[in-house]
Amino acid sequence: MADLWYFLRLYLRRWPWLLAGTALMLTTVAANFGLLALSGWFIAATGLAGLLLAAGGAMTLDIYRPGAGIRFFAVGRAVARYGERLVNHEAVFRMLADLRVWFFRALLVLDAGRLAALRDGELLNRITADVDAMDHLFLRVVGPTLVAIIGLLAGVGFVALWAPDVALWVGLILIITALFTTLATGVRGIMPARRLAETASLLRERAVGDLQAIAELRIYGAMEERLNAWMDIDRQQAHARLKLGRQAAFATFAMSASGQLALWAAAFTGAGLYAGGRISGPVLAMLLLAVLALAELLAPLPSAWQLLARVRWSAARLRALTGGSPAVADPEQPEPPPRDARVELANVSFRHRTGQPWCLQDVDLSVRVEERIAILGPSGTGKSSLLSLLLRQRAPDRGAIRLGGVDLRHLRREDVDTAISHLPQRTVLFSGTVADNLRLACPDADDPRLWNVLQSVALDAFVESLPDGLDTWLGQHGAGLSGGQARRLALARTLLKPAPLVLLDEPTEGLDRATEKRVLTELDRWLVGRTLILIAHDRDRLPPLDRVLRLEDGRFRRI
Amino acid sequence: MVTTDQRWLAVQAGPVRGLLVVASLAGLFAAWITIAQAGFLAAIVHGLLVDDLQRQQLLLWFSLLLAGIPLRSLCIAAKDYAGLRAALQVRGVVRKNLADHLMTLGPVGLAAVGTGRATSTLLEQVDALEGYYARFLPQMRLAILIPLSVLAVVFWLDWLAALLLLFAAPLIPLFMALVGMGAASVHRGQFLALERLSAFFLDRLQGLETLRHLGRGEDTIHALATNADHYRRRTMAVLRVAFLSSAVLEFFSSVAIAMTAIYIGLGLLGYLTLGPAEQLTLFSGLFILLLAPEVFAPLRELAQHYHDRAAALGAAAGIRELLGTPSPAVPRHGRAHPSGKAPTITLTAVTAGYGADTAPALQDIFITFPAGRTTLITGPSGSGKSTLLLLILGMLDHRQGEVLVDGRPLRDLAAGSLEATIGWLGQTPRLLPGTVADNIRLGRPTASAEDVETAAANAGVLRFTDALPDGLDTPLGERGSGISGGEAQRVALARVLLRDPPLLVLDEPTASLDPESRRILLDALERQCRDRTLIIATHQPAQMPWADHHVELKGGRIRGTGDG
C-alpha cells in the first residue's frame, strides 16, 4: 500500500484538476439521482391528483416547478457528464506527463548495471506498460471510490430525511455488501493479479530469449519443446485471468443482488410506513427511485478494486526499480571539476559481485595529459568495467581513481560526465534527425562542423545521399542505418563532445577493414589536445598510440 | 464498411460462438427480468397508493420481486463470465498460431520483423483482443435486443410513450453509428497520442545512460514534458468534439426520460387527451418511467466498450500483418534424409536476397563446397558472406538457381533432417536458460555425462567452469547471463563438438573473441573437424592457414576462388 500511496501523492500535486473532476463526477451522480427521484415523485403525485380530479374532487398541483426541475436535472446530467470527461482527460494527460518525468528522473540516477539489466529482454517495454497502468489509479480507482462513498452517504442521508427506517435498511444492505464485496475482491485479487503479472514477464523473457536464439533452436531441433514451454506459461496466465474473472463475476452478482435487495427492502418498509401514514404516496415513489439510483452508483466498485490489485503490482515494480540507494552516490561536499585529463588508478580492485573472481586486482595505471593509450585483453577481463569505473558508473571495491588529480569519490557524477566523452560498446541512437543525434553531444555545433565529423567517420557520402541530408529522420534506435553506419554515427557524436578525456570501447567493431582504416587514421584530427583510452581486441587494428597495455588476469602488462 | 481486420476478428470468434451466444442470452434474460421487476414494483406502488391495499395483500408481488433478484444477478454475472471464457479461448488460439508462425520465420524472417515487434505482437497485441470478445461483441447484440424488448413492453403499455422514447432515439442504429464515430475519433485522438508518447518515452529511456553522459538529462525531461503538453493540447481539441457525440446520446436519453415523465404526469392529471394518454394509470406510468432508462443503458455501455473494439482492430492489424509475413526459409515438404556422411554442397546459378523489392544480396553464384574439405569465404562486410551461409542452412530461400546437398535440392529433404546434420556457430552465441551442461547437451540430447565433459574440455569450457562452485552444473540466467561472450562461445563450441556433425557452418566465429577463446576454437576446428565439410565466413583467413579452399565475395558476386 505504501507504493500506491507514493504515487497518489505524486498525483495530488494536480489537486485542482482532481478536485474539479471529482466534483463534476459527483454533480453527474447528483443530477441522475435528482432526475429519477423527482420523476418518481411527480408521477405518483400527478397520478393521485388525477384520480382525485376524476372523482370530481378539487385540488391544485403545481406541475411547472417539478417539470422544470426534471428538465434541469436532465440537462444538468448531460452537461456535467460532458464536463467531467473533459476535465478528467485533461487531468490524466497532465498526470501522465508528471509520471513519465518522475520516472525518467528516477532512472537518471540509477547505476549502469541496473539500467543494463532493465534494457535487456525488453524489460523497458514492460515498464512503460506499468507506467501506463498507473494512470488508472486515480480515474478508475480512487475517483469512483470517493464518489461512491460521498454519493452513498448523501443519498442515504436524503432518504433518512423522509423515512429513517427505509434509510437504515437501504444503508445497511448497500454499505455492508459494498464494503464486503469490494474488500473481498481487492484482497482475493492480489494473488491472481500477481500471478498474472509474473507469468506475463516470464513469457516475455522466454519469448525474447528464444526468438534471439531461433537459429540454434532450429538447428538443434528444440523449437517444439520451447513452444510448449511458452504455451504452458500462457495457460497459467489464462488460468490466473480466469480466476480474476470468476471473482469479478461473483462481485457483480453480489453488487447487483444487494442493489435489488435494497430496493426491495425500501419497497417493503416503505409500504409499512405509507400504511401507517408516516409518508405520502409520492414520497414513497420518490424514495424507491432514489434507491434505484443509489444502487447504480456502487456497481463499478468491485472492478475498480480488482484493478487496484493489478495497479499495485505495477506500482511495486516501478518503485522497486527506482528505489534503493545508487551504487555510486554524489559526495556531500564535492570538489570543483577536474582541470585536466590525467588519469590515475592506485591499487584498484573491482568485481561485479562478492564471491566472484576479481575483474581487476590491485591495478595501477597512470595516463598523462594528452597521452593516447590502448588496452587490449581477452573479453570478460574487465576492460569495459574499467571504463565504467572511470565514468563513476560503478565504484571500485578497493583503491582510488583520480581524474585530473582529484579523487573520483569527491567529484559529482555530472562533472565526471562533462570531463569525459565515452563511446560505449552498445550503439545508442535516438529517434530524431541525423543532426539531432550529433548535436546531443554539442548543441551549438554548426552544420560545417557536423559535415566535418561525418567525413572523419566516412559517413559524409552516405548522409549526402539521403533525401534530407543532415535533417533526415532516423527512427527508433537509428532505424534506417546499418549496424556499421550506426556505429560510426555514434563515434562521430563521441568525437564531437568537447571533453578532455576520450574513452572509446571498440570503436570500429563491425566495420570492414577499408572503412576501419580510414576511420582510425582520421581519429587523430579529433584527438588533438585530448587524452585517449581505447579498448580493442586486436593489436593490429589500432590508430597510432603512445602506449599499448594488455589486461590479463585482472592486471596490466605493458606490450 | 467491413474491413479485413474486422473480418479477421469475426473469423476468430467462430469457435467460441456458443459462449458468445450464452453471454448475449444471459444479458437478454437479465434485461427481461429487469423489465418484469419494474412491473412488480409499479404494481406494488399502484396497489398501495391507488387501490389502498395493505402490505399483506401485496405479498405475491413482493415475493416475485424478491425471487427475481438472484436470477437477474446470476444472469448478469454469467454474461461477464461467459464473455471472458470466450475471449481467453480466442486468445490462446491466436497466441499459439502466432508463436508457431514466429518459429517458422527463422532468423532471417525474425530479423526483418524485429524481436521487439514480434514479442509485443505475441504478448500485448494478443492481450488487447480480450475486451472485444469478452465485452464488446456480446454487448453489441444486447444494444439492439434490449432496447427493442423494452420498447415492445412500453408500446404495449402506452404507444405514445414508446413513440416519445423512439422520437428521442430516432433510430437505434443511427445512435450506434453516432456513438461509434465518436468513440472511434476518441480512440484515434487519445490512444494514438498515448502510443506516440509511449514510443518517444521508450526511445529516450533506452538511451538514458547516453543522454546522461552527454549531459542531456534535464533537456530530455523538458522535452518529455513539452512533448506531452503538445499532445495534450492537440488531443483535447479532438476530444472536445468527440465527447460531444456521447454527450448527445446522454442528452437525448436524459431528455427522453424527462419528457416521458412529464408526459405521464400530464396524462395522469388528465390534462392530455390525445391517444392513449387517458388510459394511463399509476401502474403503467411508473412502469414506463422505470423502463425508460433501460432503453439507453445498453447503448451507453456499448459506448464504454467501444475502445475495446478499437484496440482489438489495432491489434488485429498487427497480428494479421505478422501472420501474413511469409517465411523466408526454404519450404521443406520432402521425405529424403541426408546420408550422414560429410556432404558436398553445390550452388548453381543462385540468386538470393531479402524482401521482394530489394536488390539481390547474392547474384549468379556457382560454388561447390567439396565433402570433407574446409572452405573459407572472405570479402568486405555486406558482400554476401552471411547470406551465402543462410542459403546453405536453408534459413533463406533462393530466388533462382539450385542449392544441392549431395546433388539433392534442399526442398526435397524432410523438415529437420538437414538441421540434424549441421553444426553452426555464429558471431554471438545464444544460450538458453538452464545449466552449462544443459546447453552443451542440446547438441546431442542422448549424450552421456562423460561425452558432455569431454566436449566441454575440448572447447575450453572446463577452464572457467572449474572455478565455479557448481562446475558444469552452474545455472545460467535467461539468455546465458552470468558468463562473458568468449565463455558463451566456448559453450556453443562444446555443443558443436558434442554433436560431431558432418557439416559445419561458421559465421565469423572468432570476430568478437579474446585471444584465448580464439586459440581454443581454432585448435578444436583444426584438430577435430577437418574431415568434415567445413564452411567458414571470416574476415581473418590468416587464422586458418590449414583451409583447403578460398572463395572471395564482393558486392554479391564471386570475385575469385583459390586453393590452399
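**Reading strands, sheets and a helix pair**

Guide: Let's start at one spot in chain A: Leu403(A) stands opposite Val406(A) in E5(A). This is a predicted model, where local features need pLDDT of at least 70, side-chain atom pairs count only at pLDDT 80 or more, and totals for chains, interfaces and linings use all residues. Residues are numbered from 1 along each chain as its sequence is written, while chains are lettered from A and ligands numbered from 1 in the order in which they are written.

Visitor: In what sense do strand E4 of chain A and E5(A) pair?

Guide: Strands (E, at least two residues) and helices (H or I, at least four) are DSSP runs numbered from the N terminus, and two strands pair if DSSP finds at least two bridges between them. Here E4 (residues 398-403) of chain A and E5(A) are antiparallel, with two bridges.

Visitor: In what order do the four strands of the open sheet in chain A come?

Guide: The order is E2-E1-E4-E5, with antiparallel pairing. At the edges, pairing on one side only, are E2 (360-367) and E5 (406-407) of chain A. Helix H13 (residues 383-390) of chain A lies across E1 (343-350), E2 and E4 of that chain, and runs at about 120° to E1(A). Such angles run from 0 to 180 degrees between N-to-C directions, with axes fitted as lines to C-alpha atoms, for helices over the stretch in contact.

Visitor: What is the order of the six strands in the other open sheet of chain A?

Guide: That one reads E6-E9-E10-E3-E11-E12, and its pairing is mixed. From one strand to the next, the twist averages 20°. As a parallel example, four bridges join E3 (residues 372-376) to E11 (residues 547-552) of chain A, and Ile373(A) has Arg547(A) as its bridge partner in E11(A).

Visitor: Which strands does H13(A) touch on this sheet?

Guide: H13(A) touches E3, E6, E9 (501-505), E10 (531-536) and E11 of chain A, and its direction makes about 150° with that of E9(A). Helix H18 (residues 483-496) of chain A packs on the sheet as well, touching E6 and E9, at about 175° to the direction of E6(A).

Visitor: Over how many bridges does E1 of chain B pair with E4 of chain B?

Guide: Strand E1 (residues 345-352) and strand E4 (residues 400-405) of chain B are antiparallel over five bridges. Leu347(B) is partnered in E4(B) by Val403(B). Thr346(B) stands opposite Leu404(B) in E4(B), and in E2(B) its bridge partner is Thr368(B). E1(B) and E2 (residues 362-369) of chain B also pair in the antiparallel sense, over five bridges. Follow E4(B) onward to a hairpin with E5(B): two residues separate these strands, and Asp406(B) in the turn has a positive phi of about 50°. Val405(B) faces Arg408(B) across that pair.

Visitor: How do I read two packed helices?

Guide: Two packed helices are described by the angle between their axes and the distance between the axes. Helix H2 (residues 15-54) of chain A and helix H9 (residues 217-269) of chain B pack at about 15°, with axes 7 Å apart. H2(A) and H9(B) are therefore roughly parallel (under 35 degrees; over 145 is roughly antiparallel, 65 to 115 roughly perpendicular, the rest oblique). Their crossing is left-handed, which means the near helix is turned anticlockwise from the far one by less than a right angle; clockwise would be right-handed.

Visitor: Which residues of H2(A) and H9(B) meet?

Guide: Among them are Phe42(A), Ile43(A) and Leu53(A) from H2(A), and Ile257(B), Ile264(B) and Leu268(B) from H9(B). Being in contact here takes C-beta atoms, placed from the backbone, within 7 Å. By class, this contact has eleven nonpolar, six polar and no charged residues (nonpolar: Ala, Val, Leu, Ile, Met, Phe, Trp, Tyr, Cys, Pro; charged: Asp, Glu, Lys, Arg; polar: the others, with Gly).

Visitor: How many residues of chain A are in contact with chain B?

Guide: There are 114, in contact with 116 residues of chain B. Helix H10 (residues 223-275) gives the most to chain A's side, with 26 residues. That side divides into 66 nonpolar, 28 polar and 20 charged residues.

Visitor: What is the mean pLDDT of chain B?

Guide: The mean is 84, and 92% of the residues of chain B reach 70 or more, on a scale of the predictor's confidence in each residue from 0 to 100. In chain B, helix H7 (residues 172-206) is lowest at a mean of 68, and helix H2 (residues 17-49) highest at 92. Where pLDDT is low, the predicted coordinates should not be read in detail. The model scores ipTM 0.85 and pTM 0.81.

Technical notes:
Two residues are in contact if their C-beta atoms, placed from the backbone, lie within 7 Å.
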